[in-house]
Amino acid sequence: MVELEGMLIQRTLAENYASQCGFCTPGMCMSLYDTLSNCSTEKQPTLHDIEDSFNGNICRCTGYRPILDGAKKSFAEKDIPQQLIVDFPKELEEDCEKKPIYIKGTNIEFYRPLTLDHLFDFRKQCSNPSEIHFIAGNTGETFDDIFHQQRYPILIHLSQISELQKLSEESNGLTIGSCVTLSQLKFYFALKQEHQQLYRIFHEQLDFNASRQVRNQATIGGHILNHSHKHTSDLLPILYVCETKLRFIHLLNKKKIEIDIKDFKTMNRDDLLLVSIFIPFIQTNEYLQSYKQAHRRKHDTGIVTCAFRLKLNVKENKIQLFNMAFGGFGDGLILIPEKTINYINNNEHQWTRNEMMTNVKNHLLEEIQLDEFSENGQPEYRRALVISFLFKFYLYVSNTSEELFQKQRPISRSEQIFDTSKQTKYVHQPTIHHNAYIHATGEAKYVDDLPSAHNTLHGALVFSSKPHARIVSMNTDEAQTIEGFIKFYSYHDIPPTGSNKFGPIVKDEEIFSSKMVHCMDMVIGLCVADTEEHARQAARLVRIEYEELTPVILTIDQAIEHESYLGPPGQQESVLETGNIEKGFNKSDHIIEGSFYIGAQEHFYMEPNAYLVQPVSEGHYTQLHVYASTQGATSIQEAVAEALGLNANEVICHVLRVGGGFGGKESRNIIPCVATALAAHHLQQPVRLCLTREEDMKLTGHRHPFKILYKVGFMKDGLLKSIDLNLYANAGCTLDSSLLMIERAMTHVDNIYKCENLRVKGRACRTNLPSNTAMRGFGGPEGLLSAEFIIEHIHSYLQLNDDPSIIRELNMYKPGERTFFNQELEKKDWFVPKMWKKLKESGQYEQRLKDVKEFNEKNQFRKRGLNLTGTKFGIGAPSALLFHQAGALITIYKDGSILITHGGIELGQGLQMKMIQITAEQLDIDISLIRFHETSTDKIPNTTPTVGSLSADLYGPALIDACQQLNKNLAPIKHKHPTLTWEKLIEQAYQERVQLSAYGFYAVAEKFLKSNYPKNEINFIYFTQGVGMSEVEIDCLTGDFHIIRTDILMDFAKSLNPFIDIGQIEGAFMQGVGYFTMEELIQGDSQHPWISQVGSLHNADPNKYKLPMANDVPIDFRVTLLNENEGNERTVCYSSKAVGEPPLFLSVTVLLAIKYAIEAYRTEREPFTLNVPLTCERIRMACQDELVDSVISKDKDHVFQPCGSF
């Protein structure tokens, strides 16, 4: 990465603000390099080529937009720069001459033959053929290794065998060598797709199969063999309906064998090698089509995949041959509905809608039976997809497929608008992230990149495997047999002067579970060994005996039933109330009630939690240096010191940068760190621990699931009169910060709407799940969503018009009014009404609403929706005044260079760049002279965690305070020597013994924060405000959707760094899109009886938990920063406002636009409730029609909701 010629790609991403936390950036660079290096000198990369480059990469920070824009602007439709065309070095050609490779390790042998004869010879030498495992692309082996713990003694790599690489077209079909890659196939089909229907269908499906990176390595043979017993396949259904032949060769007798692909699973495959496949061509009087629906379009395993083939007598409109195959009904199972196929083929059926969508549909549903115990769940949705795909195929053959949703989307575009006229040198100016270049080159160091000392040991955690149980015994006998095993640590090893108790606010949990476990994946112990692999092997062999207990409470409804809540007795319910709700209801024209659920969300920061603890000993004194990926350095320091019985000054926590946090690295990551520190302190050796993605997801908690119940009274025009709300959050088994989160949710239930009579109650439910925790928004989005769902319900109930924005405008707060918790919306700082009007005009809302209605009238099976919504987000934590303080240190060296540090953590939000800008502005020096070093508790004590979007508001003023001290110190010298350069000025100051370092401090004025719940008086420092508008198009037959356009207008007052802040808007928006429409955590609970382990997290890996990708970004994405707010006394950091969390909620415009589109499809249907996330399953099942009706049992009709873990 560092040596890439000219570093054009790295510069492109860095200088287009396409890096935030930086953890994913090298991968983005390499994906783009792959695309560019594979374009010939004659072919310029297209816009589609560039966008497709990133469909195998995940980014949680940027929202992808700057990555796409920067790459397209620099490289699309342009000649490949010469410095990117790298020839293989001639001096290495001889050394790299192709030859067989054989490597024998301790536990494994590796062989790479060049010919089949080499392979035959090697096989003769192997006594046990079952030990042999063939690999080609090898794209599935890591999955097997991690999730199935599979190990293979002999690996044979087939990719260099020339006989397996051939592609040959014959008169009646295509022969494909088993080691031809999917990318090679895709390229071949692209060139010839106009000449053969088979090629076109295959090419279209390959575009949504895996990603470019995987397709470059994965082979057609590997795909067939792997997906025939492990995973749902996109391609196998096509191969089945095309009656593909598989051609094998026996490795001992060299006999050639050809079988039909449908017989593959039942054949004896001992000593057989797949050489090639043969796919017969589709005739001109035949129709072939393939479909797939996944949780997201790109790089995802299908929920259901299928292929249909039809031979039709066009004159008589009769079916001559019909075939179909389905994937998604069990790992690797291709379902062939033979009874239905025989019914069609044994009778000369007419190709009519009635025949296909009545008789054939009924036969198909009768043959494909699923229930709540079926693997992977979603029985109704999967059966609905089967018949929806059948209907799509009918429309395709009938030449009416233009009515259908197109999965391929146009090339995305964007627009960013902000004021550049500010009269400042550095502050308020767009400046790239200070670490952008080293992010892109891969030189940026994260915890797991730090070098290990020669005696460093490794840890692996031992987790509980029961959701509610008493620990009877712990046995480490087997673990101790592992080579390199050092010690197992548990609660017994906590020093007598230390404490096993832990909790960020209330100490209601343990570092190591001692007698009880209250959820799956609680930390019971830590195995330490000489290598990470040995530590993990040992951890798997620690035997814990349990006595299982009841009840096991997993859901909010179960918690309510058992009255299981967190908080002090008698204080488990928080209440805020204004006015008199009963009088309000009595004065209302209408009263409605409703409820809905919101699911959890995984933080999914790119860098899993990692720790390195190094003890430095001098005699009896030990200093522990803790390197952690954390949002709170002091929190780590204090927890380690308390657990080990040390003073805080004996523990130093160092944080250079963090690869994303979003709240997940504030408290739930402390327990593994303490465990690591315990081992290092006891052994007096460095110990490191890096969680796997699965461990991280299971251990560190998530955004809280919610159940929200409401009763609302309103007038006939939609004016709110009275609201009664009950909020229930699934907090998990311990308190963590759930009560503070509930308070924030409660203070946001009004959003931007006034209601004179409002009561809201909140409870944190105690369940047998890992403790949930803070996540971006911290209860705000959940509270805000309740307001929007109430407005939507009123609009659906009254049916006054097709425009819900009218009711929103009617109830919107006016400048000078007070919120229901008695905070004034000052006229000089309440901009939502003005912003609403501005975005409504610039976004052409009224015209586009008419266009959407017209589109929906013309299109039956795809519908569009448009939504305009605003937000206000309170900044500060009124109940936690102690969080609102900060310290910063500036050190000036004799050469004039400056080192700054403070208590804030760089998580990718650009905090350090903003602090460098502020320092340069205050001292009036060149920005290149300033460097930020790590955050460290030996430099800045008692740091405030980097949470709540507050850090720039806290550490900026602290640095300003330090700068003012320095300016005061330097003023006399400047007065005496006004012409001195900065460097000479500092040199003179040193000679005159002037202090050249300063510690700054800032605390938010108490008058700006208030928290008095009994008196209904809550004050935030200020509100960050925004308005958003989104237009979507949905596929009513599958639940897929595109975000056609999004417009966002945010008020950050005077942005400290406009491009960094716009990046925060876009990243927050896409994280919100995931939250509201895609990301769904599934637990082993009563809603999911097919999951065998009760209380376990089913989708604790990126293979099952789906984040938005580049293909999910709005096709047209426009972001504007309001330039009319000059700030006030509350916006103390250069009149700027907090950035990170407030924009997330504006992604609700996507959810509500989808709801509008669903309503357009559900003509003359009763009102309906949508739970969140609004996944493709929930969209399709809400688009109720005769197809959905036919898969829902009568006892579920009218109340059916897809399952979810709440």
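Is arginine 744 buried or exposed? Arginine 744 is buried, with a relative accessible area of 10%. The legends below start from this residue. The model they describe is predicted.

**View 1. The annotated positions, taken from a UniProt record.** An unreviewed UniProt entry places the feature "binding site" at Glu666, Arg744 and Phe778.

**View 2. Arginine 744 sits in helix H23.** This helix covers residues 738–746. At a relative accessible area of 10%, arginine 744 falls under the 20% cut-off, so it counts as buried. Its contacts, leaving aside neighbours within four places in sequence, include Gly777, Phe778, Gly779 and Gly780. Phe873, Gly874, Gly876 and Phe1020 also touch arginine 744.

**View 3. Phenylalanine 778 lies in a loop that leads from strand S31 to helix H24.** Strand S31 spans 758–766, and the loop lies between this strand and H24. Phenylalanine 778 has 18% relative accessibility and so counts as buried. Arg744 is one of its contacts once neighbours within four places in sequence are left aside.

**View 4. Helix H24 runs from residue 780 to residue 798.** It has 19 residues. From first C-alpha to last it reaches 28 Å, close to the 27 Å expected at 1.5 Å a residue. Of its 19 residues, 17 are buried, so H24 is largely enclosed by the rest of the structure. Just after the helix, glutamine 799 takes a positive phi of about 50 degrees.

**View 5. Domain 3 meets domain 4.** The domain assignment gives domain 3 as 559–601 + 703–877 + 1014–1188, and domain 4 as 885–1003. Their C-alpha centres lie 39 Å apart. At the interface, 18 residues of domain 3 are in contact with 18 residues of domain 4. Together the two domains bury about 1,300 Å² between them. Carbon and sulfur atoms account for 59% of that area.

**View 6. One salt bridge is found across the interface of domain 3 and domain 4.** Which side chain does aspartate 1061 meet in a salt bridge? Its partner is lysine 914, at 2.6 Å from N to O. Aspartate 1061 falls within the 1014–1188 segment of domain 3, and lysine 914 within domain 4 (885–1003).

Conventions
Residues are numbered from 1 along each chain as its sequence is written. This is a predicted model: local features need pLDDT of at least 70, side-chain atom pairs count only at pLDDT 80 or more; totals for chains, interfaces and linings use all residues. Side-chain values use heavy atoms; hydrogens and water are left out. Helices (H or I, at least four residues) and strands (E, at least two) are DSSP runs, numbered from the N terminus. The expected span of a helix is 1.5 Å times one less than its number of residues. Buried means under 20% relative accessible area, exposed over 50%, partly exposed in between (1.4 Å probe, protein chains only). UniProt positions are given in the numbering used here, feature names are shortened, and annotations may be inferred rather than shown by experiment. Contact means heavy atoms within 4.5 Å. Domain bounds come from an automatic or database domain assignment. Buried area is the accessible area (1.4 Å probe) that two parts lose on being put together, summed over both. A salt bridge is a side-chain nitrogen of Lys or Arg within 4 Å of a carboxyl oxygen of Asp or Glu.
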